[in-house]
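Dear colleague,

Please find the structure below, as promised. My notes on it follow.

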Amino acid sequence: MRYIIIGAGAVGGVIGGRLAGSGHEVVLVARGAHFEALRDHGLRLKVPEGELTHRLPVVDGPAALGELRPDDVLVLAVKTQDSTAALQTWGPVPVTGGGTAAERLPLVCAQNGVESQRLALRLFRRVYGVCVWLPSTYVEPGVVSAAGSPLTGILHLGRHPHGTDETARLIAADLEKSHFEAPVVADVARWQYAKLLGNLGNSLEAVTGPVDSEAAAALFRRARAEGAAVLDAAGIAYASAEEQQAVRGDKVTLVPLDGAPRGGGSSWQSLTRGTGTIEADHLNGEIVLLGRLHGVPTPLNELLQHLANTFARERRAAGSMPVEELVRLADEAVGAAGAS
């Protein structure tokens, strides 16, 4: 199989680099300065064993590839806010022998949240979800890092909306040869919703910095409790913290990397890079949506969604709001919700 990594940033670049390192055929898709650096200098992957350079085909869209191959696997690794454009770009691409990518090829959503699979299923017949447990960083154009050891990450994989098949098992086998653990599960959404609860802290981290004080940790617990209440009200199953810990154990332990300090998570990185967008609508915003559908107040997640979007739109510095100010705003939001 040939893997086409649509969005070769932190997550996509690491997955693509690790697959290439174990001998698999990989094409990277990127834009702008990142595309140019990958094209001119290759993918530089900083990992615990050192810096690895992979000279891989890189394109900025499907036109450069012509017809796709029947053995291609499309790995969607853009941020969720960019999914619709990517799906509409790649879905109509012809495949050798007839048909289009949307009709014939598997699409693997290696992203945070749960929305991209739903978007993909409107266009693609064969959609796979991944619960991405992969601490990784976009360091600079052409350079990504992953500090996990002894494994780079754990990627639960399954069909969307549910089930498994031979394609999922083949993809998982390739990932398992590439420094990942890749359990094939029939209920991948249960793992993704559990990860979503953890990702509710992404906006908090992006706005106020590392969640390393009791005040910040308390805010995260409150946001997560709102999220759990919403999922319970909606009847959505999610893996428990104990179940997640039992799977992860000490398999992905972060180690220092030369020249690649570990910053924050995906939302923090979006603000640091000044991309102008952030995925809060599909993390905290997913909880807000479900809360409105099922009559559960979510004032803290609504506040975090709003603040993260404001920071991204106005290109404010990541972590620049004092946590005490956010606590005050959160208390006001919760009080107003209780009074309404």
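Helices (H or I, at least four residues) and strands (E, at least two) are DSSP runs, numbered from the N terminus, and two strands pair if DSSP finds at least two bridges between them. This is a predicted model, in which local features need pLDDT of at least 70 and side-chain atom pairs count only at pLDDT 80 or more, while totals for chains, interfaces and linings use all residues. Residues are numbered from 1 along each chain as its sequence is written, and side-chain values use heavy atoms, with hydrogens and water left out.

The hairpin: two residues link β3 to β4. Strands β3 (residues 43–47) and β4 (residues 50–54) are antiparallel, with five bridges. Lys 46 has Glu 51 in β4 as its bridge partner.

Helix α13: this helix covers residues 299–314 and spans 22 Å from first C-alpha to last, close to the expected 22 Å (1.5 Å times one less than its number of residues). Its buried residues (under 20% relative accessible area, 1.4 Å probe, protein chains only) include Pro 299, Leu 303, Leu 307 and Phe 311. Among the elements covering the buried residues of α13 are α8, α9, α11, α12 and α14. Arg 315 follows α13 and has a positive phi, near 55°.

Glu 279: this residue sits in the loop between α11 and α12. Which side chain of opposite charge is nearest to Glu 279? That is Lys 79, 5.3 Å away; Glu 279 is buried and has no salt bridge (a side-chain nitrogen of Lys or Arg within 4 Å of a carboxyl oxygen of Asp or Glu; Lys and Arg count as positive and Asp and Glu as negative, with His and the chain ends not counted). Leaving aside neighbours within four places in sequence, the contacts of Glu 279 (heavy atoms within 4.5 Å) include Lys 79, Gln 81, Asn 112 and Ser 266.

Regards

Notes
Buried means under 20% relative accessible area, exposed over 50%, partly exposed in between (1.4 Å probe, protein chains only).
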